[in-house]
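Hi,

Here is the structure I promised to pass on. Have a look at it first, and my notes follow below.

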Amino acid sequence: MNPLYEQMNVSVFERMSSLATRFGAVNLGQGFPDFGWPDEILEAAAKAVKEGSNQYAPSRGIMPLREAVAAHYNRHYGGNLVGDHVCVTSGATEALGAAILATIKPGDEVIILTPAYDSYAPMIRRGGAVPREVALQPPAWRIERDALERAVTDKTRAIIFNNPQNPTGRLFDSAELEAIASVARDHDLIVISDEVWEHIVLDGQRFTPLSSLPGMAERTIKIGSAGKIFSLTGWKVGWMVAPPELANVVARAHQFLTFCTAPNLQAAVEFGLDEGDAWIEPMKQRFARARDKMTNGLRGAGFTVLDAASTYFLCVDLKASGIDLDDESFAAEAVEKAGVAVVALSAFAEDKPPRHLVRLCFGKKDETIDAGVAAMARAKELLA
């Protein structure tokens with residue numbers, strides 16, 4: 001067996017969700033919302049199943065969806081994208097995999113900023129390259145250009161950049177974006193920019209695509225996700241957006257991963273994107289209310305909660321909350337003894353990760369948040 005997979009643990013999200021089911025716990029670990037999807041898009045999907053195609057779609061995606069993705073970004077960020085810039089994939093994780101495999105060759109190095117989504121490093125290794133971690137430090141999680149520069153070698157091929165960032169909830173500022181861009185320009189690097197949380201930006205802040213910075217459009221592969229935009233994570237409809245010469249190469253990697261994505265779901269996502277953006281602001285407000293409710297509840301129970309500006313995740317500092325257990329021990333004890341599943345932040349890094357933080361998903365209904373906060377309070381009483 002391939003030792004990369006033979007020795008690899010099951011994803012922390014799968015493990016914690018399985019434990020939540022086993023112990024009947026509130027699942028605040030895996031990042032899926034239990035509210036927020038537009039019913040009209042579900043109706044469009046049902047109609048497409050009955051009346052549309054249920055056979056193979058074009059590998060790069062149906063052209064109406066590719067054009068809808070391009071038009072959506074042109075409306076929000078300006079630019080002149082067309083369908084040829086877009087390749088539809090079976091979720092953003094597949095898009096990341098295709099982008100990584102298309103970009104690197106054996107012996108290359110790829111910089112990742114940790115804590116980082118846990119698919120990055122395994123996919124880099126699967127392509128024969130080496131991940132090089134640049135650790136962001138809590139609680140600010142700021143990107144420092146000097147740290148990035150020190151990580152670059154003559155083997156560096158790419159940077160994987162996640163903004164807004166899972167798991168920290170950071171929305172990086174203009175100086176941090178320029179730090180990424182300047183290092184990429186100076187060393188002729190590709191940036192795979194994981195921007196799936198781009199519309200879940202709270203408190204009136206505005207998201208800036210990395211490709212909009214000077215000299216970045218030609219070297220950026222943007223990753224997007226209908227699952228995140230519409231709170232329909234189980235649909236697994238994502239995409240890559242890049243200059244046609246890059247998009248053509250990543251599309252060749254994609255064709256031998258999943259080949260194509262369900263055409264009826266593609267048609268429903270096209271409908272959602274084409275119907276306009278009136279749903280975005282109400283969605284942001286609902287996620288902001290959920291974040292505030294969970295944050296206030298946890299702080300009321302004596303937890304130290306780090307601020308979250310985006311995504312639907314927040315982090316709890318166990319040590320500052322008076323809990324001496326490391327994050328993995330707390331997660332294991334909390335799900336079994338207190339009835340709440342959380343994710344240890346150390347799962348998002350390999351090189352000396354912080355072990356005093358856990359991640360919770362606040363994209364939940366009020367009753368789910370109330371039950372989760374009550375269970376966290378029980379965990380604190382039992383484990384502090």
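The lining of the largest pocket is made up of 22 nonpolar, six polar and seven charged residues. For those classes, Ala, Val, Leu, Ile, Met, Phe, Trp, Tyr, Cys and Pro count as nonpolar, Asp, Glu, Lys and Arg as charged, and the others, Gly among them, as polar.

Before going on, some ground rules. This is a predicted model, where local features need pLDDT of at least 70 and side-chain atom pairs count only at pLDDT 80 or more, while totals for chains, interfaces and linings use all residues. Residues are numbered from 1 along each chain as its sequence is written, and side-chain values use heavy atoms, with hydrogens and water left out.

Back to that pocket (on a 1 Å grid over the protein atoms alone, an open set of points with protein on both sides within 12 Å along at least five of seven lines; lining residues have an atom within 4 Å of a point). The largest pocket holds about 840 Å³ of space, a volume being the space filled by probe spheres set on the points, with grid points joined across faces, edges and corners. Its lining has 35 residues, and N9, V10, R15, D118 and A347 lie nearest the centre. Two or more lining residues come from each of α1 (3-6), α2 (12-23), β3 (109-114), α6 (120-126) and α13 (327-338). These labels are DSSP runs numbered from the N terminus: helices are H or I with at least four residues, strands are E with at least two.

The second largest pocket has about 560 Å³. Of its 27 lining residues, G31, T93, Y117, K228 and K236 sit nearest the centre. Here α2, α5 (92-103) and α9 each give two or more residues, and α5 has the largest share, with three. By class, this lining has ten nonpolar, twelve polar and five charged residues.

There is also one cavity of 30 Å³ or more, a cavity being a set of points where a 1.4 Å probe fits but cannot get out. The largest cavity has a volume of about 50 Å³. Among the residues lining it are I112, L113, Y120, F161 and F172. Both β3 and β5 (156-162) supply at least two lining residues, with β5 giving the largest share, three. This lining has eight nonpolar residues, three polar and no charged.

Now for helix α12 (residues 280-300). Its 21 residues reach 30 Å from first C-alpha to last, close to the 30 Å expected at 1.5 Å a residue (1.5 Å times one less than the number of residues). I280, M283, K284, F287, A288, A290, R291, M294, T295 and L298 are buried in α12. Seen down the helix axis, the buried residues of α12 fall within an arc of 165°, so they line one face (the arc is that of the directions from the axis to the C-beta atoms). The face turned away from the buried side carries the exposed residues R289, N296 and G300. Buried means under 20% relative accessible area, exposed over 50%, and partly exposed in between (1.4 Å probe, protein chains only).

What do the buried residues of α12 pack against? The partners are α4 (63-77), α9 (226-229), β9 (304-305), β10 (313-317), β13 (357-361) and α14 (366-383). As one example, T295 lies in α12 and is buried, with a relative accessible area of 9%. Leaving aside neighbours within four places in sequence, T295 is in contact (heavy atoms within 4.5 Å) with V305 and L314. After α12 comes G302, whose phi is positive, near 95°.

Cheers
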